[in-house]
Amino acid sequence: MKNLLLPVAALLSLSACGSWFHREGVGFTGIDGEPKTVTAEKGAADYVARRMSLPAELAGKPTPRLQSDKGDINSLAGVAIANGGRSPATAVEVGAGDVDLYLSTVEVNGVLFAVLRTPEDGIDRLPEGAGAGFAQSVPRLTGCLAGGQVHQAGTAKRPKGLAVPLNCS
């Protein structure tokens, strides 16, 4: 009798959470467990995809594979930023508020980078605080974890481009 009461008690306590006939999700996409809604720290930009299947679309774009003479991560990130996509043919459009940016992947000396750049015909600098927002958004945008810190090209306040090494294993 005790063996029967425990499962019945568990079932009744769980049924108090909602109706048996009313089955809706709790705000997760089901793909990678990320919430549908996004909250950002005050002052940090949060990059969101204009389309829902961004990691799949990003995987469909070409990934340049480059070699560099320099081996330090800052130099590799600089090469990745310089070769990052800036058009719909080579990158995926993402945005931070009213600014449209392009996300691409570039492999330099075997290190895969996610690169965020401005459009070819648009502004030449990223918005302030772009590095922190990009670092937080990398897993959602790429489907991979950030494998290190965000590197930038240009001035510290308004960079021309950002790159972060990816850990996709």
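Reply: Let's start with H151, whose bridge partner in β8 is A163. H151 opens strand β7 (residues 151-154), which pairs with β8 in the antiparallel sense over four bridges. Strands here are DSSP runs of E, at least two residues, and helices are runs of H or I, at least four residues, both numbered from the N terminus. Two strands count as paired if DSSP finds at least two bridges between them. This is a predicted model, where local features need pLDDT of at least 70, side-chain atom pairs count only at pLDDT 80 or more, and totals for chains, interfaces and linings use all residues. Residues are numbered from 1 along each chain as its sequence is written, and side-chain values use heavy atoms, with hydrogens and water left out.

A163 also stands opposite V115. That belongs to the pairing of β5 and β8, which run antiparallel with five bridges. Strand β6 (residues 145-146) joins β8 too, antiparallel, through two bridges, and there L145 has N167 as its bridge partner.

How enclosed is β8 itself? Seven of the nine residues of β8 (residues 159-167) are buried, so the strand is largely enclosed by the rest of the structure. Buried means under 20% relative accessible area, exposed over 50%, and partly exposed in between (1.4 Å probe, protein chains only).

L126 is buried, at a relative accessible area of 0%. Leaving aside residues up to four places away in sequence, L126 touches several residues, including P159, K160, G161 and L162; contact means heavy atoms within 4.5 Å.
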